[in-house]
Amino acid sequence: MDKEDNTIESKLSANGKTLLEKRYLLRDAKGKIAEEPNELFRRVAKAIAGVDSTYGYSVDKTEDDFYQVMADLEFLPNSPTLMNAGTELGQLSACFVLPVEDSLKSIFKSLQDMSLIHQSGGGTGFSFSDLRPEGDPVRSTEGVASGPLSFMTIFDKATDVIKQGGRRRGANMGVLRVDHPDIFKFIGAKKKEDMLRNFNLSVGVTDEFMEAVSQDRDYALVNPRTGKVKKRLKARDMFDRIVTCACQTGDPGLLFLDEINRKHPMSAIGTIESTNPCGEVPLLPYESCNLGSINLALMVKEGAIDWQKLKETVDTGVHFLDNVIDANKYPLPEIEQRTKQNRKIGLGVMGFAAMLARLGIAYDCEEGIATAEEVMKFIREEAVQKSVELGEQRGSFPNFHRSTLAKDYPAMRNATVNTVAPTGSLSIIANTTSGIEPMFALTYQRNVMGTRLTEIDPVFEEMARKHGFYSKHLMEEIAETGSLQNILNIPKETRRVFATALEIKPQWHVRMQAAFQKHVDNAVAKTVNLPHEATEEDFREIYMLAYRLKCKGIAAYRYGSKAEQVLEIGGTG
Ligand code: UDP
């Protein structure tokens with residue numbers, strides 16, 4: 001084993017290693033694993049750093065920097081980059097939005113485009129709002145339209161079929177505007193267990209609608225084909241239906257379309273109607289975005305944030321992700337063109353909750369929120385600065401002068417720089433908490449070759465040892481409930497720091513999302529996880545609070561309300 005291999009092997013957890021073996025390491029023609037984890041990171045570093053030579057820069061140092069941040073698990077690019085960089089497929093992005101216009105030709109082109117994207121490991125978002133409603137006339141056949149929902153079921157089925165052949169399953173976001181005549185059906189679509197299983201659903205709401213809910217006013221359903229008002233109804237009735245279904249099934253969430261477009265630096269180019277599957281990247285039709293996430297748990301030194309290290313990691317991350325745009329092999333020419341016009345990237349974070357624990361700060365308190373803002377503000381400012389620097393060296397993104405960024409910056413390489421991705425798989429590889437989510441449990445039962453073993457959250461174990469209350473007996477006691485809250489001989493402060501997702505009040509989840517959103521120019525993927533007993537009233541409050549705090553979207557999930565989720569932590573790879 002060489003030196004490189006040694007370092008990585010000692011850093012990877014057993015689960016991280018298994019996941020890499022199952023889904024990421026290249027295989028030979030017989031299906032046998034043909035690379036080691038260090039070779040994976042070397043392959044990716046090489047493929048992405050190679051871009052520097054086209055700009056006249058030396059590749060070697062860049063390659064080493066890229067290799068090192070990945071091998072140290074301090075920064076990881078999204079799964080398609082890890083899987084496909086340096087391979088023939090070469091598709092590196094996780095996020096796409098495709099247009100769906102009101103014609104069979106457009107609908108089925110979109111379906112075909114989706115299949116190519118899913119095959120290569122990307123996820124797709126669609127707005128179905130332009131489709132004429134069910135029962136509307138179809139002139140060419142003198143028949144009637146079957147409406148957005150019927151077409152969505154075809155996209156869903158196609159996703160199922162393609163899943164069999166890909167390395168990770170395709171995920172979709174389906175959006176319908178709240179003023180579409182078929183919205184009622186859309187909202188309740190997932191009440192049937194097996195319907196639209198490969199979709200997350202979001203109702204696209206406007207400020208006007210949200211204000212109508214607050215003030216108990218009417219609003220209009222409008223036929224998108226004719227522009228005619230079909231019906232007027234009470235906004236509160238529609239909102240109640242959304243809340244009821246969300247409480248029962250976890251869908252739909254909301255997308256705050258006006259807030260998204262107000263903050264979009266490219267509003268001169270077009271209107272955003274959808275996001276990628278998990279909501280963290282609002283995109284124009286045919287745009288794609290590649291993501292990468294910094295492991296914040298490793299940005300702590302001696303109980304404090306290591307700002308210098310964070311700065312360096314941000315710089316490397318932005319450089320890396322910008323190179324990905326050039327190294328990428330795009331599934332469609334339209335996507336390549338659109339993506340290269342705006343050069344959006346999404347530098348995100350994972351391990352935020354683990355970082356807070358290392359700092360001894362609880363998630364659900366003012367200090368937790370303030371830390372989130374401080375960290376993300378720093379990351380965004382540094383990322384923007386790096387993007388300006390790259391813009392000066394390599395040229396701004398082609399649409400720069402049509403963007404709102406041109407008034408604030410001399411040059412800029414990327415129309416957006418940061419995001420918060422769910423990091424469902426990346427966080428397993430990096431062995432930390434996902435995205436900005438609180439810890440889900442402190443102990444996990446795992447079945448290892450027929451034996452049930454109790455695993456303890458690594459940061460919790462580290463803290464328990466550091467503060468002298470680690471004991472086998474105590475860990476077993478915690479394993480019974482997965483929680484510290486009833487173990488009174490652990491100091492109260494420690495119990496607060498290790499509060500898990502379902503123990504944290506929903507308002508804090510939303511406030512945390514909003515705190516990050518303040519300093520994120522894409523959006524924030526977050527699920528407000530609620531205990532099984534949560535009520536419709538809880539959902540109503542959460543959705544309203546998210547709107548008031550200027551989130552770009554909101555999704556909440558009541559524990560146990562779905563047999564299977566589109567994206568399950570630990571199950572998506
Ligand atoms: N995604 C997907 N299928 C999956 C998981 C993710 O298409 O099974 C896409 C989707 O667009 C999602 C994005 O990848 O919003 C990022 O998800 P995540 O951060 O969980 O991906 P990771 O890089 O950790 O695999």
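Helices here are DSSP runs of H or I with at least four residues, strands are runs of E with at least two, and both are numbered from the N terminus. With that in hand, welcome to this predicted model. The protein has 21 helices and 21 strands, and buried residues make up 50% of its 573 residues.

**Overall shape**
- Along the principal axes, the C-alpha atoms fill a box of roughly 70 × 60 × 55 Å.
- Of the contacts with a separation of 6 or more, 74% are between residues 24 or more positions apart.

**The nonpolar core**
- The largest nonpolar core has 161 residues, and Ile-48 and Met-70 are the ones that touch the most other members.
- If you set aside neighbours within four places in sequence, Ile-48 is in contact with Phe-66, Ala-85, Phe-320, Asn-323, Val-324 and Ala-327.
- As background, nonpolar side chains in soluble globular proteins tend to be buried together.

**Around the ligand**
- The ligand is surrounded by 22 residues, and the closest are Ser-79, Ala-94, Gly-123, Cys-278 and Gly-424.
- Sorted by class, this shell has 9 nonpolar, 10 polar and 3 charged residues.

**Backbone spots to look at**
- The peptide bond joining Asp-251 and Pro-252 is cis, with omega at about 0 degrees.
- You will find Pro-252 in the loop between helix 10 (235–249) and strand 10 (253–256).
- Leu-73 is not a glycine, yet its phi is positive, at about 60 degrees.
- The place to look for Leu-73 is the loop between helix 4 (59–71) and strand 1 (75–77).
- Leu-73 has 23 other C-beta atoms within 10 Å, so it is buried, the cut-off being 20 or more.
- Leu-196 also has a positive phi, near 50 degrees, in a residue other than glycine.
- The loop between helix 8 (183–187) and strand 7 (199–205) holds Leu-196.
- Leu-196 counts as buried because it has 22 C-beta neighbours inside 10 Å.

Terms used: Residues numbered from 1 in each chain as written. Predicted model: local features only at pLDDT ≥ 70, side-chain atom pairs only at ≥ 80, totals over all residues. Core = buried A, V, L, I, M, F, W, Y, C linked by C-beta atoms within 7 Å. Buried ≥ 20, exposed ≤ 12 C-beta atoms within 10 Å, placed from the backbone. Contact = placed C-beta atoms within 7 Å. Near = placed C-beta within 6 Å. Nonpolar A, V, L, I, M, F, W, Y, C, P; charged D, E, K, R; others polar.
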